[in-house]
Every structure is written in structure tokens, then in C-alpha cells.
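Hi,

Here is the structure I promised to pass on.

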Amino acid sequence: MAEGLLQRNSLSLQKANQLNPRVSDGLQFLSKLSFHRAWNATKVVMSFYISKWTNNPVQWGVPISVTFEPTTSCNLRCPECPSGKREFTRPTGMLQNDFFKSTIDELYKEISYLIFYFQGEPFLNPKFLEMVNYASSKNIYTATSTNAHYLNDEVAKKTVESGLSRLIISIDGTTQETYEQYRIGGDINKVIEGAENVVKWKKQLKSKTPHIIFQFLVVKPNEHQIKDVELLAKKVGVDEVRFKTAQMYDYVNGNKLIPTIEKYSRYKKQDDGTFAIKNEMLNHCWRLWHSTVITWDGLVVPCCFDKDAQHQLGNLKTESFKEMWQGEKYKNFRSAVLRSRSEIDICKNCTEGTKVWA
């Protein structure tokens, strides 16, 4: 069964050369599947729905997706980012290669998707691409998000050679004047040059990866450039443009960053003039079953909304991942979500499912 699945994936991957980039990227992910990973995903999905229906948390698998934080350091000062605002209460540091490898060695047979970003700029970690390469050697689909200021010609070549599956480039404006209103301290020319370098090396090395995405965080200062970024992406040669809604920490009384185009806003204006999150707060969360986040120093937190690691569910420097994943702290947090998600602080501003795809 597993051999048949892998053969079909291989044939599909060959045909991907003739398809559009999004389909090709999807087939790249499918090519990483094995019997163990498919079976683990099945167990996780079953666990989630049984937990949701019975209101009792069960977990039969390990995460489908794991996020590693390469660093909390960042070169920019974005106004809605704890890293950019330098407002962390937790320490700043770099993910160590040996710790990363030992964790991957425990999980690689089951996990399908590895995300190399949480807070900070991944390329500031000098061992970052070595870690990507190690994960790629385990045939795991890998993704990262960057502000692209460090993608010089040499680094761009190494990025393609690392086997990275997906490269998300944050480009929140097409002119310096607009870009720097959110990406404070950034240089739009460096972003464009970095993207061009990766596109060039993909072609020269005849590589199908990474799948390059321009991610445009829509805020009021840049919403007039939505069409412009699509034209820029085509000119540079990236594979895809994605538009993302912005999370605001202070939104109730309005925020100068909330876009006027309702489609791209996570918040809606109420009759009394205040703002509220659009989506309904339901007592379940798929993220708590299929994914997890590991900080640079080995702390495990529920999801990417716990930016300051206030809800620590384990420490991989003192316990194995699988022990922690099935432990009391994780079970209690899942129970709390099933009971009353609105009472959990990091869930109150969660808008899972409100990304707007280009």
C-alpha cells in the first residue's frame, strides 16, 4: 500500500512540471507522504473530531505540523509584532542545531510539515539553512517566512540548495514610502533583490523548490497597492501572491492599521463605533490537535498566538516530545478549549481561518 502511494506521488510530481505553481507545490507536499505520515494524519483527524463531538480530549497521533523558532531576533521594528517592538518577557536567543536534530530524529517518521518561523527573522540564525537541509534529508516538507533582507546572492543559492520547500517573503508595500510604514527599518529594494536572487538560482539550478510566495499583509497604509504587488510578483517571477489579514493587539477603539476594505480586515465596526472580531468564538480548535510550536530554547506552546510563551505545555530540554504531547498539561489545555475557548487569553484575538487567498 505504502509503495503504491509513493509511486503515484512520484508520477504526479513528474506531471507537476506542466501545471501551475500552486498545484506543483501541493504535489511537492504529497510527494513527502509515507504510510506512517498518512496514518498519523488519519489518527490526528479522528482524534480531533471525536474530541469535538464528545467534549473529551483524546489524541492518538503526534502533530502533522511542527513549528520551530530559529530565533527571536529581528532586524525590523514592525508595530504589531512583539519581536519588532522588543516587548518579549522571554529571552532572545538562537535555536541550536543539535537540539533541533534530536527533536527531528524523534518525530520525522510521523510529521509531514515543518515550519521554520514563529517570532524573529530566521536568516539571522547562522545555522538556519543547515537545519533546513537536515529536515529535507528526512523528506519533510519545509517552509519559512522572511523579510528577505539577508537573501544576497550567496545565501539565495544556499537556500535553493538546502531543499527548502516553501519560501514566504513578506512584502507589505511596493514603494519604499508605503513599505516602511509597517516594515519599520526595512528597505523594499533589498526585499525585491532578495526575491530576484532566489528566482535566479531556482532557474540556474533547475530546481522546482522553493515555492516562492509574496505575502502581503493588508493594512490601511498599503491597501491601495494590492494590484501593484500582483504586477510586481509577475515581474520578479515569484510563484504566488497571498494576501493576509493583520492581527491587531489594540483594536476595540479602532486602529490606524485596520484596512478600510472589509474583505481584508479581521475586525468589524459595531453600531457603537467600537470594533470586534468578525468570526464566532467556537469551543474547539484544530490547531491544538494537528500542530505545535517549539521556541528556540525548547519550550512547547499551544500555537503561534502564544507569542510570549505564557502557556508552556512542556520543555523539550527535560522531557521527550511524545511524553509532553500526551501529558497532563496538553490534555488540560485542550479540555479548556473544548469547555470555554473565550476564557483563554490567547484565543480572544484568534481569527483562525480568516486569511484571504489571492
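To start with the charges: how many salt bridges does a search of the whole structure find? The search turns up 12 salt bridges, a salt bridge being a side-chain nitrogen of Lys or Arg within 4 Å of a carboxyl oxygen of Asp or Glu. Before the details, please keep in mind that this is a predicted model, where local features need pLDDT of at least 70, side-chain atom pairs count only at pLDDT 80 or more, and totals for chains, interfaces and linings use all residues. Residues are numbered from 1 along each chain as its sequence is written, and side-chain values use heavy atoms, with hydrogens and water left out.

**Salt bridges**

One of the pairs is Asp172 with Arg183, whose closest N and O atoms are 2.6 Å apart. This pair links distant parts of the chain, 11 residues apart: Asp172 sits in the loop between β4 and α8, and Arg183 in the loop between α8 and α9. (Helices, H or I with at least four residues, and strands, E with at least two, are DSSP runs numbered from the N terminus.) Asp172 counts as buried because its relative accessibility is 1%, and Arg183 counts as buried at 14%. Here buried means under 20% relative accessible area, exposed means over 50%, and partly exposed is in between, with a 1.4 Å probe and protein chains only.

Another salt bridge joins Asp105 and Lys138, with the closest N and O atoms 3.8 Å apart. Asp105 has 38% relative accessibility, so it counts as partly exposed.

Then there is Arg242 with Glu240, at 2.7 Å between the closest N and O atoms; both residues are buried. Together with Arg22, they are linked in a network of salt bridges.

**The sheet**

An open sheet of 9 strands runs in the order β6-β5-β4-β3-β2-β1-β9-β10-β11, with mixed pairing. Its edge strands are β6 (240-245) and β11 (314-315), each pairing on one side only. Two strands are said to pair if DSSP finds at least two bridges between them.

Strand β1 (residues 65-68) is covered on both faces: Ser65 and Thr67 on one side, and Val66 and Phe68 on the other, are all buried. β1 runs parallel to strand β2 (residues 113-115), joined by 3 bridges, and Val66 has Leu114 as its bridge partner there. With strand β9 (residues 291-294), β1 pairs in the parallel sense over 4 bridges, and Ser65 stands opposite Ser291. Elsewhere in the sheet, β4 and β5 pair in the parallel sense over 5 bridges, where Arg166 has His211 in β5 as its bridge partner.

Buried residues of α9 include Ile188, Val191, Ala195 and Trp201. The buried residues of this helix pack against α7, β4, α8 (176-182), β5 (211-218) and α10 (226-236).

Ser162, in the loop between α7 (153-161) and β4 (166-170), is buried with a relative accessible area of 4%. Leaving aside residues up to four places away in sequence, Ser162 touches Leu129, Val132, Asn133 and Ser136, where contact means heavy atoms within 4.5 Å.

Most residues other than glycine have a negative phi, and most peptide bonds are trans. The bond from Thr209 to Pro210 is cis, with omega near 0°, and Pro210 is in the loop between α9 and β5. Lys206 is found in that loop too, with a positive phi near 55°, and is exposed at a relative accessible area of 74%. Asn55, in the loop between α3 and β1, has a positive phi of about 60° and counts as partly exposed at 48% relative accessibility.

Happy browsing!
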